[in-house]
Amino acid sequence: KTKEFAFDHVFGPDAKQHEVYATCALPLVDALFEMKNACVFAFGATGAGKTYSMLGPEGGRKRGVQDGLLPRVAAELFRRLARLEADAREAIGAGGYSAYEVRASFLEVYRESAFDLLGGPVS
């Protein structure tokens with residue numbers, strides 16, 4: 001039986017990290033500031049490049065031009081929040097108050113089991 005799958009984007013082996021980020025993740029950062037939730041899902045066989053795409057070389061331990069999606073998203077998210085905070089301080093003064101809450105989950109699905117990579121097992 002033949003199955004068909006549809007993809008919004010497909011990147012070849014020569015795609016740059018920034019290209020993948022700008023196409024797939026940056027629109028999700030924009031959505032966060034419209035009060036929406038966002039999810040980046042990496043799927044593929046072992047060795048296909050999921051960790052490289054999500055974190056960068058060496059699992060994201062070294063920051064640089066080859067940063068993956070998650071370090072780029074975090075940097076952009078907190079850059080925008082810092083700008084909003086600065087704008088709020090300017091508008092309401094140093095004694096004013098503004099607050100933002102950022103929540104993130106990192107889940108791994110392996111052999112039909114889900115694992116919370118920031119906490120304990122997921123039932």
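Is Asp 67 buried or exposed? The points below take up this residue and then the rest of the structure.

1. Asp 67 is buried, because its relative accessible area is 6%; buried means under 20% relative accessible area, exposed over 50%, and partly exposed in between, with a 1.4 Å probe and protein chains only. The residue sits in the loop between H2 and H3. Leaving out residues up to four places away in sequence, Asp 67 touches Gln 17, Leu 55, Gly 56, Lys 62 and Arg 72, where contact means heavy atoms within 4.5 Å.

2. This is a predicted model, in which local features need pLDDT of at least 70 and side-chain atom pairs count only at pLDDT 80 or more, while totals for chains, interfaces and linings use all residues. Residues are numbered from 1 along each chain as its sequence is written, and side-chain values use heavy atoms, with hydrogens and water left out.

3. The protein chain has a mean pLDDT of 86, and 94% of its residues reach 70 or more; pLDDT is the predictor's confidence in each residue, from 0 to 100. Confidence is highest in H1, at 95, and lowest in strand S1 (residues 107-110), at a mean of 83. Helices (H or I, at least four residues) and strands (E, at least two) are DSSP runs, numbered from the N terminus.

4. Helix H3 (residues 69-92) has 24 residues. From its first C-alpha to its last it reaches 34 Å, close to the 34 Å expected at 1.5 Å a residue; the expected span is 1.5 Å times one less than the number of residues. The buried residues of H3 include Leu 69, Arg 72, Glu 76 and Leu 81. Among the elements that cover the buried residues of H3 are helix H1 (17-32) and helix H2 (50-55). After H3 comes Gly 93, with a positive phi near 90°.

5. Leu 81 belongs to helix H3. Leu 81 counts as buried because its relative accessibility is 11%. Its contacts, not counting residues up to four places away in sequence, are Phe 33, Tyr 100 and Val 102. Leu 81 and Gly 56 are 25 residues apart in sequence, and their C-alpha atoms are 24 Å apart in space.

6. Strands S1 and S2 (residues 113-116) run antiparallel and are joined by 4 bridges; two strands pair if DSSP finds at least two bridges between them. One of the bridges has Tyr 110 partnered with Ser 113 in S2. The two strands form a hairpin with 2 residues between them, and Arg 111 in the turn has a positive phi of about 50°.

7. The structure holds 0 disulfides, a disulfide being a pair of cysteine sulfur atoms within 2.5 Å. Cys 24 is in none, and the nearest cysteine sulfur, that of Cys 39, is 12 Å away. Cys 24 is partly exposed, at a relative accessible area of 31%, whereas Cys 39 is exposed, at 60%.

8. A search of the whole structure finds 1 aromatic pair. The ring centres of Phe 41 and Phe 43 are 6.5 Å apart and the planes are at 10°, so the pair is stacked. Rings of Phe, Tyr and Trp (its six-membered ring) pair if their centres lie within 6.5 Å; planes under 30 degrees apart count as stacked, over 60 as edge-to-face and the rest as tilted. Phe 41 and Phe 43 are both exposed.
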